Amino acid sequence: MISCRDVTRRFGEFTAVDRLNLEVAPGAICAFLGPNGAGKSTTVKMLTGLLAPSAGTVTVCGLDVARHALEVKRQIGVLPEDLGLFDDLTVEEHLLLTGDVYGVGRAETRARTAQLLHALSLEHGRHTFAAACSHGMRKKTAFAMALLPNPRVLFLDEPFEAIDPVTSKIMRDLLEEAARHGITVFLTSHILSVVEQIATQLVMIRKGKVVWDSPVGELPQSLEQHYFDLVEAPVVEELEWLGPGRS
Amino acid sequence: MARTRAILKALGTAFRRDWKTVGSIGVNIFFPATLLMLGRAGGFIYLLIGLVMLFPASTDPLRKIPRSRLALWPLDRRDRIALRAASPWLNPVTWILGGLAIWAVRGRLTVGLWGLAAGLVAAGFLLSELLPGGRPFFFRWVPRFPGVAGELARKNIREILSTLDFYVALLLSLTGLFYRLARLNLPPEAYRDLGLLVLLALCTYTQCLFGLDGGGLARYRLLPLRGWQILLAKGAAFLAVLLVLMLPLDPLSGLAGGMVALAMGHSPAVGEPREQARWRFSGGVSLSYGVVQVVAMAAAWGAVAFTGRWLILPCAAVWIASTLWYGRKWEVQPIFP
């Protein structure tokens with residue numbers, strides 16, 4: 001469903017993503033892990049057509065993203081890194097816009113909007129302008145926009161960050177249900193405990209290069225330990241001034 | 001007091017940065033154009049501009065500090081009173097109002113006009129606290145447009161309503177409406193000329209069509225829409241606002257001028273997109289480009305007003321051709337360089 005062949009992205013002298021090769025099967029939940037600045041968001045942007053690769057090919061739903069950008073956009077739902085919301089539209093208007101643009105009928109859009117607002121506990125804020133929403137509300141709105149057109153592939157850039165535990169659980173359940181119905185999910189996250197629960201495929205990236213790609217069951221140790229070993233080990237600095245009585 | 005001083009210093013820096021956005025007035029063609037056209041006779045227009053600017057520029061500087069942050073800082077009662085008393089003086093409008101008060105006392109300004117200015121400043125100061133997310137209540141009255149990009153057009157109208165250009169144009173339009181309703185004997189040319197002023201007030205916005213989209217710019221790229229559809233939603237919103245303002249004046253000539261202004265504005269709006277601050281005048285790409293745009297726009301306006309109404313058709317054709325051309329350009333332009 002998602003395929004990358006030697007995908008590279010350079011920004012001047014800096015190589016953000018270096019010869020990335022990746023295959024994600026239909027109905028899989030692929031977690032793409034790595035530290036800040038490793039190239040995760042750049043990869044998501046290339047997979048969703050927001051950014052052209054410097055080299056290599058990206059295929060989504062059997063379509064070359066560079067050559068069939070519009071057709072690919074019709075097949076995918078995206079929660080982008082910056083959420084991509086318009087300050088001058090309310091939560092509900094964002095969902096109605098999505099229905100119109102993706103060709104979902106008005107009545108069906110209204111029905112799906114009501115369901116999504118209810119499922120994500122957004123009903124009370126449906127008439128709030130995005131500019132006045134909390135970060136959590138904005139993230140839930142962007143998530144609902146990704147789901148509403150019933151896409152074949154979902155791309156989610158850090159969906160579980162900065163949201164409450166109940167919403168996180170609801171989102172996890174929705175994603176697992178989507179995957180059971182054959183929707184492919186590609187997500188990035190820093191919350192390894194959540195990833196461990198829902199992912200079926202794990203890909204780890206460090207300095208733009210893939211350092212691990214396997215089904216979740218093939219991990220030789222806990223995800224956290226494997227991540228520390230392969231990607232980045234935590235460094236603890238002692239702050240000698242921290243504590244009562246220390247200056 | 002050291003804490004208050006430190007906070008005031010930081011606040012002053014933040015407020016100065018925000019005030020720089022007022023500089024967009026320097027690249028708004030309305031001011032030099034009216035100055036050139038009307039000279040000293042344009043006193044009424046300049047007064048309108050001054051009053052319209054006064055209101056949003058009167059925000060409370062203390063609002064720059066999030067309420068929760070202010071509450072968390074270890075400030076005692078004296079610190080807080082000092083901060084409250086000193087912070088309004090970080091806003092140059094407070095000093096201007098003080099200067100105007102001295103003028104009023106010396107009789108160089110009527111007390112009534114000073115009172116109006118002071119009222120606007122007070123309203124701007126108080127209302128800046130009350131607008132949630134900076135969106136006034138009447139934004140909800142904007143209707144949805146038909147078509148797949150109907151919600152986008154609604155959003156675009158709200159963006160236009162967030163610029164000061166609109167409010168100057170509205171006051172000019174209301175002046176025309178007042179004369180119509182009062183049945184005062186104004187010659188037809190007067191309404192036409194007022195219409196041209198409305199056009200001039202609005203046209204700079206067409207050079208920064210994407211200036212208020214903020215984080216939504218990435219969303220445009222994710223939606224399965226063609227570039228021309230996005231530009232059409234922008235253009236339709238602009239023309240709808242223009243039509244409403246032109247109804248008491250000269251709608252057809254106004255629309256013709258508006259279409260040509262949009263066609264000319266596409267180049268900088270797509271090729272050199274820049275951020276636009278809310279509640280400020282739109283800033284164009286340059287005054288020289290603004291002059292070219294005004295000449296083309298006024299030519300279209302004049303052609304329809306003085307030659308024949310059918311000339312609106314070539315103006316529409318130019319706008320549609322420009323929408324298609326720059327729509328294509330918008331699609332291939334990278335947003336993450």
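Because the model is predicted, local features are given only at pLDDT of at least 70 and side-chain atom pairs only at pLDDT 80 or more, whereas totals for chains, interfaces and linings use all residues. Residues are numbered from 1 along each chain as its sequence is written, and chains are lettered from A and ligands numbered from 1 in the order in which they are written.

Chain B is divided into domain 1 (45-130) and domain 2 (137-337), with bounds that come from an automatic or database domain assignment. The centres of these two domains of chain B, taken over C-alpha atoms, are separated by 32 Å. Their contact takes 5 residues from domain 1 of chain B and 5 residues from domain 2 of chain B, two residues being in contact if their C-beta atoms, placed from the backbone, lie within 7 Å. On the side of domain 1 of chain B that touches domain 2 of chain B there are 5 nonpolar, no polar and no charged residues; here Ala, Val, Leu, Ile, Met, Phe, Trp, Tyr, Cys and Pro count as nonpolar, Asp, Glu, Lys and Arg as charged, and the others, Gly among them, as polar.

The largest nonpolar core holds 152 residues, of which Val185(A), Phe186(A), Val198(B), Leu200(B) and Met297(B) touch the most other members. Such a core is a set of buried Ala, Val, Leu, Ile, Met, Phe, Trp, Tyr and Cys residues joined through C-beta atoms within 7 Å, and a residue is buried if 20 or more other C-beta atoms lie within 10 Å of its own, exposed if 12 or fewer, and partly exposed in between, with C-beta atoms placed from the backbone. Helix H12 (residues 227-246) of chain B gives the most to this core, with 11 residues; helices (H or I, at least four residues) and strands (E, at least two) are DSSP runs, numbered from the N terminus. Residues up to four places away in sequence aside, Leu200(B) touches Ile29(B), Phe30(B), Ala33(B), Thr34(B) and Val294(B).

Ala57(B), in helix H3 (residues 43-57) of chain B, is buried, with 21 other C-beta atoms within 10 Å. Its contacts include Val22(B), Val93(B) and Gly124(B), not counting residues up to four places away in sequence. Asn150(A) lies in the loop between helix H5 (135-147) and strand E7 (153-157) of chain A and counts as partly exposed, with 13 C-beta neighbours inside 10 Å. Trp279(B), placed in the loop between helix H13 (251-271) and helix H14 (287-307) of chain B, is partly exposed, with 19 other C-beta atoms within 10 Å.
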